[in-house]
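This report goes through the charged pairs, the nonpolar cores, the strand pairing and a helix contact of the structure shown below.

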Amino acid sequence: MTDARYMALALQLGRRGMGRVWPNPAVGCVIVNHGRIVGRGWTQDGGRPHAEAVALAQAGAESRGATVYVTLEPCAHHGKTPPCTEALIAAGVARVVIAVGDPDPRVAGRGIAMLQQAGMAVDVGLLADQARADHAGFLSRIMGGRPFVTLKLAGTLDGRIATASGESQWITGPEARRAVHMMRARHDAVMVGAGTVRADDPALTVRGLGSLRQPVRVVVSRAMKLPVTSQLAQTATQSPVWFCHGAEADVAAWVDLGAVSLPCAVRAGQVDPEAMMQALAGAGITRVFCEGGGMLAASLLNAGLVDDLVVMTAGRAIGAEGTPALAAMGIGRLADAPRFVLADLARLGEDVMTRWRRV
């Protein structure tokens, strides 16, 4: 195998941690000695042990003189665990191949420098584009102060998410719904607006994929006028429920049920989307999967906070009296509309999924 193939395997391993390791990055690591893989690892649930530690433990004495492929610069600071750079040096590896550097100020090149000072050969940049895509949430939180945001819209051919009477289950088929659960599982948090909670009483959990660490369920509600009889309220001690709300909202009943309160600034009568994302990043969230509704989706798009847009389209038409996927955005000129480019297209049963990347 070539360096690129070993790094591709490390990236594949790292993806196993997506949605399960925040606030840490989902790193993958492969250790090779004399053309044989002797250690493999990925960041474990909750963020530790780190990928390098897992792979080194598996490789044991065979780490000496080996080449290590890791998807992000090894950490160089003491936290709840010793730095991975020290572990690599102590193991006596000969070469470290790194996909991308870590912009965290506690690392930011120090890990690379420590390895080089210990006499190791260090190569940086192999499959960097793929690694940056995989680590987009971590990089966004560290460099931009906010999580990476995926907005999912599921509707009809004419962009409606419910009939005039409010019926919406199910517009898309079982294959599309299963894909949504898989996407939930790869994000740290699933987000909806208060209107969706009142209308649909969603559970927002990952189901049908075996035993998984559940994402944080985030509800955006300025005034917190929400029923404490909902599924979210009744399961708040089983899977985390967080609220982004206005400072004046009465959250006592929800906090008593186990929910977490994140007060945010309010702008134009709504929770300010930028303040909300900063609060989530401050709490450690790196990847958010937003499932609407229309007002929340429109506010995120208007604020330029949507990085990926996933659209599930069913072969139905409801008409203008149905509920639109997006609320009014106040766009008078086409030039002002948020722009995305097509990144992926797939058929899911009778439905079509398109993924769009922000320009």
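## Salt bridges

A salt bridge is taken here as a side-chain nitrogen of Lys or Arg within 4 Å of a carboxyl oxygen of Asp or Glu. The model is a predicted one, and a search through the whole of it returns 15 salt bridges. One of them joins the side chains of Arg 95 and Asp 123, with an N to O distance of 2.9 Å. This pair links distant parts of the chain, since Arg 95 belongs to strand S4 (residues 95–100) and Asp 123 to strand S5 (residues 121–124), 28 residues apart. Arg 95 has a relative accessibility of 22% and therefore counts as partly exposed, and Asp 123, with a relative accessible area of 34%, is also partly exposed.

In a further pair, the side chains of Asp 104 and Arg 106 meet in a salt bridge of 2.8 Å, N to O. Asp 104 is buried, because its relative accessible area of 7% lies under the 20% cut-off, whereas Arg 106 is partly exposed at 47%. Arg 146 and Asp 307 form another salt bridge, in which the closest N and O atoms are 2.9 Å apart. The two partners lie 161 residues apart, Arg 146 in the loop between helix H6 (136–144) and strand S6 (148–155), and Asp 307 in the loop between helix H12 (294–302) and strand S15 (308–313). Arg 146 and Asp 307 are both buried. Through shared partners, salt bridges also join Asp 3, Arg 95 and Asp 123 into one network.

In soluble globular proteins, nonpolar side chains tend to be buried together. In this model the largest nonpolar core has 37 residues, and those with the most contacts inside it are Val 30, Ile 31, Val 93 and Val 96. Helix H1 (residues 3–14) gives the most to this core, contributing six residues. Leaving aside residues up to four places away in sequence, the residues that Val 30 touches include Tyr 6, Leu 9, Ala 10 and Leu 13, as well as Ile 37, Val 68 and Tyr 69.

Five strands form an open sheet with mixed pairing, in the order S2-S1-S3-S4-S5. Its edges are strand S2 (36–42) and S5, each of which pairs on one side only. With direction ignored, neighbouring strands of this sheet are turned against each other by 15° on average. Within the sheet, strand S1 (residues 28–33) and strand S3 (residues 67–72) run antiparallel and are joined by four bridges; the bridge partner of Cys 29 in S3 is Val 70.

S8 runs parallel to strand S9 (residues 216–220), to which five bridges join it, and Met 191 has Val 218 as its bridge partner in S9. S8 also runs parallel to strand S14 (residues 287–290), in this case with three bridges, and Val 190 stands opposite Phe 289 in S14.

Seven of the nine residues of H12 are buried, so the helix is largely enclosed by the rest of the structure. The buried residues are Gly 294, Leu 296, Ala 297, Ala 298, Ser 299, Leu 300 and Leu 301. Just after H12, Gly 304 takes a positive phi of about 70°.

Two packed helices are described by the angle between their axes and the distance between the axes. For helix H11 (residues 273–282) and H12, the axes come within 9 Å and cross at roughly 90°, which means that H11 is roughly perpendicular to H12. In this contact, Pro 273, Met 276 and Met 277 of H11 meet Leu 296, Ser 299 and Leu 300 of H12.

Conventions: Residues are numbered from 1 along each chain as its sequence is written. This is a predicted model: local features need pLDDT of at least 70, side-chain atom pairs count only at pLDDT 80 or more; totals for chains, interfaces and linings use all residues. Side-chain values use heavy atoms; hydrogens and water are left out. Helices (H or I, at least four residues) and strands (E, at least two) are DSSP runs, numbered from the N terminus. Buried means under 20% relative accessible area, exposed over 50%, partly exposed in between (1.4 Å probe, protein chains only). A nonpolar core is a set of buried Ala, Val, Leu, Ile, Met, Phe, Trp, Tyr and Cys residues joined through side-chain atoms within 4.5 Å. Contact means heavy atoms within 4.5 Å. Two strands pair if DSSP finds at least two bridges between them. Axes are lines fitted to C-alpha atoms, for helices over the stretch in contact, and angles run from 0 to 180 degrees between N-to-C directions. Angles under 35 degrees count as roughly parallel, over 145 as roughly antiparallel, 65 to 115 as roughly perpendicular and the rest as oblique.
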